[in-house]
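Please keep the coordinates open while reading.

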Amino acid sequence: MINERNALDSHYKRSDRIMLCLHAGLFVLSLGLASLHDTWFEAFLVGGGTLGAVAMISYLATGQLVSRIAIGVGLMVMSSLHIQQMHGMIEFHFGIFVFIALLLYYRDWVPVVAAAATIAVHHFLFYYLQTQGSPIFVIPDTDTGWWVIFVHAAYVVVETGVVVWMSVDLKKEFISASELENATENIIQEDHIDLSVMTSGGSDLLRRFDGYTQSVASLVNQVSSNTDDLHNSSRELVQVTDVLQEQSDSQQQQTDMIASAVEEMTASAKEVSQNAERAAEGANSAY
């Protein structure tokens with residue numbers, strides 16, 4: 001769990017930096033829109049203030065939940081600022097759906113819900129103020145009535161539900177992938193491979209991985225056992241060979257002794273025969 005937590009923290013910090021760059025881009029966009037309806041005050045006050053607040057929170061609590069919530073809220077404030085600057089132009093409402101979808105990168109449902117709640121409060125509160133004649137814009141005019149606001153809210157609710165479901169699912173996959181990477185690093189050491197390392201088995205992927213490593217470990221044990229048996233058989237064969245060699249050497253020595261004895265007997269018999277011939281010749285000479 002510690003490694004998973006570290007992997008998530010690293011991911012959240014990287015995501016905070018990306019989202020902070022997005023806020024900076026949205027602030028620049030608000031400055032670009034300011035000249036159309038002379039909304040420089042709103043651009044600097046709301047846009048600059050939001051960027052500064054989000055940057056401060058992200059700096060002090062980078063990777064933390066409060067930072068993700070602040071970024072989710074900040075994106076909706078920036079989108080609301082653009083809508084105000086463009087006097088409720090419908091096309092600028094698209095940013096709301098885009099930014100909620102981008103929050104999926106966090107793989108965390110909390111900033112998504114925070115963003116959806118923020119834009120819901122904005123639409124209902126500011127539209128009410130718009131209907132009361134305040135110089136505030138949510139949609140171009142109020143002649144269409146509240147049903148437009150409810151249509152927008154319905155789309156936001158649907159998208160939020162889908163993104164929340166996807167973020168939960170993606171977080172599980174991210175944790176599984178991180179745990180799998182960590183388990184692989186623990187299995188493959190510098191000088192050996194440890195197949196006894198197991199994951200938490202918290203997902204199908206991890207359970208299949210554990211099953212695979214167990215199968216490989218079983219195969220390695222079987223091969224090791226067969227290797228030991230082969231080694232023992234080889235050692236016994238060497239012993240038998242040594243015994244046969246000793247017996248062969250002993251037989252060779254005996255054969256050499258027999259051959260030597262035969263040669264000696266042959267030499268003796270030859271000598272006896274020669275002596276017998278000389279004796280016979282001597283006897284013949286006497287007569």
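Is Phe-44 buried, partly exposed or exposed? Phe-44 is partly exposed, with a relative accessible area of 49%, where buried means under 20% relative accessible area, exposed over 50% and partly exposed in between, for a 1.4 Å probe and protein chains only. The model is a predicted one, in which local features need pLDDT of at least 70 and side-chain atom pairs count only at pLDDT 80 or more, whereas totals for chains, interfaces and linings use all residues. Residues are numbered from 1 along each chain as its sequence is written, and side-chain values use heavy atoms, with hydrogens and water left out.

**Aromatic pairs**

The structure holds seven aromatic pairs; rings of Phe, Tyr and Trp (its six-membered ring) pair if their centres lie within 6.5 Å, and planes under 30 degrees apart count as stacked, over 60 as edge-to-face and the rest as tilted. Two of these pairs, both edge-to-face, are set out here.

| Pair | Centre to centre | Angle between planes |
|---|---|---|
| Phe-27 and Phe-44 | 6.3 Å | 70 degrees |
| Phe-124 and Phe-150 | 5.4 Å | 70 degrees |

Helix 5 (residues 109-131) has 23 residues and reaches 33 Å from its first C-alpha to its last, close to the 33 Å expected, the expected span being 1.5 Å times one less than the number of residues. Among its buried residues are Val-110, Pro-111, His-122, His-123 and Tyr-127. At the N-terminal end, Asp-108 caps helix 5 through a side-chain oxygen that lies 3.3 Å from the backbone nitrogen of Val-110, and after the helix comes Gly-133, whose phi is positive, near 90 degrees.

Side chains of opposite charge can pair when their charged atoms come close. A search of the whole structure finds one salt bridge, defined as a side-chain nitrogen of Lys or Arg within 4 Å of a carboxyl oxygen of Asp or Glu. This salt bridge is formed by Asp-108 and Arg-68, whose closest N and O atoms are 2.8 Å apart. Asp-108 lies in the loop between helix 4 (94-102) and helix 5, and Arg-68 in helix 3 (residues 65-85), so the pair ties together parts that are 40 residues apart in sequence. Asp-108 is buried at 6% relative accessible area, and Arg-68 also counts as buried, at 7%.

The charged end of Arg-68 sits over the ring of Tyr-12, 3.7 Å from its centre; the criterion is NZ of Lys or CZ of Arg within 6 Å of the ring centre and within 35 degrees of the ring normal.

Notes
Helix = DSSP H or I, 4+ residues; strand = E, 2+ residues; numbered from the N terminus. Polar contact = N/O pair within 3.5 Å; in protein donor to acceptor, adjacent residues only side chain to side chain.
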